[in-house]
Every structure is written in structure tokens, then in C-alpha cells.
Amino acid sequence: MEKIWKLCLSYGDVFLSGLLGTLWLAAITVAAGTVLGVLVAALRMSRFRPAQAVTRVYVEILRGTPILLQLYFFWIGLPKLLPFDLSDTACVVTALVVNSSAYISEVIRAGIGAVDKGQWGAARSLGLTELHMLQRIILPQAVRNILPALGNQFINMVKETSLASVFFVGELMTSYKIVQSATFLALQPLIVVGAVYLLLDYVLSWAVSGMERRLAACD
């Protein structure tokens, strides 16, 4: 215990930097993944069958393969496909965003699908177009179902960003590698990082649960 305490005092800035890096990676991944996920969900729910087929394959590939495999694929393949150089961090972030978009698109589809079918019929009887129905009636109700799921996706992404340490992207598991290399201690810095993850997961889960209760109270 004394070694762990000394480790926190000596390398607190390294662990803090890793924590901030983890939160930044998770936030940018979920934010950009939501934008891309909305597009994927819209195409998959459209009446244009080729778009449905392409997005279905897109989602199945990303959900059916390990995220580490996807990280390696983007890290190796993306610089070869683009005419300009990309940093390791950019490749990793792109892979995380694309992976997240597949899950978020399903969250959005489920959230919209959970809206009572009678709402669609009532909107059509008023003569509203599909776009106006979504904007004014369906989406405001679907958001209540979508937001808690997005919060849980953020929590999951906080843990999944640990795989970015394979490419030495600055986050919590990378901070563990830095401290381990500097001190030649393996277990103690791992305990510190694990405790940070547990605390972070508890705080974020508490925040998401609070949001769910407030949204439920609004019904």
C-alpha cells in the first residue's frame, strides 16, 4: 500500500494526463460517432434498398469483428489509402469513431422504433411529411430513449479506449506503460489505473442513472 501511495505522489501527473486522454478519446469518439451513426441509421431506415443493404453490411462487419482488429486495420490501411500522412492517434480515433457509429446507429434505430406506432399514424393524419414527422413528433420522444443509451455507450468507450495503448496513444493504459517502464513495477501502477477506471465507471454510471430518472419523471 505504501508503494502505491508513493507511486501516486510521484507519477500523479502521468496518471492525470492518462485520465484526461481517456475522457477526451471517449468524448470525441461518441460525439463524432453519433453524427455518423445518425447518418447510418437514416440510410438504414430509408426506403432505398441499396442504402439499406450497404448500411446493414457496414453495421454487421463492425459489430461482428473485434475492435482491436479494426484498430489495426485503420492504423495500417488508412495511411495507405489517403494521399496525406496521418498520425497514429488520428488513425486510432477514426477507427473508434467508425466502430462507435455502428452501435450508436442501432441505438438510434431502437429509440425511434420504441415510439408508439400511433404517433406515426396521428402525424400522417395531420398531413405532415416524413421529415416533419421526425423533427416535430418522433425524434423529441425518441431522444428520451436514446440519451441514456448514449451515456452507456460513453461508459463502454471509456473502457474500450484502453486498447489504444497498443499504439501508445495517450490514455490511462498508456500511462501505466510509462510508469511501469520508469519504475520497473508491474502490479502497483496497474492497481492505480484499475482503481481510476473503477471510480470513473462508478461516477459515470451514477450520472447516467440520474439522467434516466429525470427523463422518466418527465413522462
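Buried means under 20% relative accessible area, exposed means over 50%, and partly exposed is in between (1.4 Å probe, protein chains only). The views below come from a predicted model, where local features need pLDDT of at least 70, side-chain atom pairs count only at pLDDT 80 or more, and totals for chains, interfaces and linings use all residues. Residues are numbered from 1 along each chain as its sequence is written, and side-chain values use heavy atoms, leaving out hydrogens and water.

**View 1. Helix α3, with a kink centred on F74.** Helices here are DSSP runs (H or I, at least four residues), numbered from the N terminus. This one covers residues 67-81. The kink is about 25°, where the bend at a residue is the angle between axes fitted to the seven residues ending there and the seven starting there. Among the buried residues of α3 are I67, L71 and F74.

**View 2. F73 meets F74 edge-to-face.** Rings of Phe, Tyr and Trp (its six-membered ring) pair if their centres lie within 6.5 Å; planes under 30 degrees apart are stacked, over 60 edge-to-face, and the rest tilted. There are four aromatic pairs in the structure. In this one, the ring centres sit 5.9 Å apart with the planes at 75°. F73 is exposed at 55% relative accessibility, while F74 is buried at 15%.

**View 3. W75 and F167 make a tilted pair.** Their centres are 5.1 Å apart and their planes at 55°. W75 belongs to α3, F167 to the loop between α6 (130-160) and α7 (172-183), and 92 residues separate them. W75 is partly exposed at 31%; F167 is buried at 8%. Ring pairs also bring in Y72, giving a cluster of Y72, W75 and F167.

Conventions: Helix = DSSP H or I, 4+ residues; strand = E, 2+ residues; numbered from the N terminus. Expected span 1.5 Å × (residues − 1).
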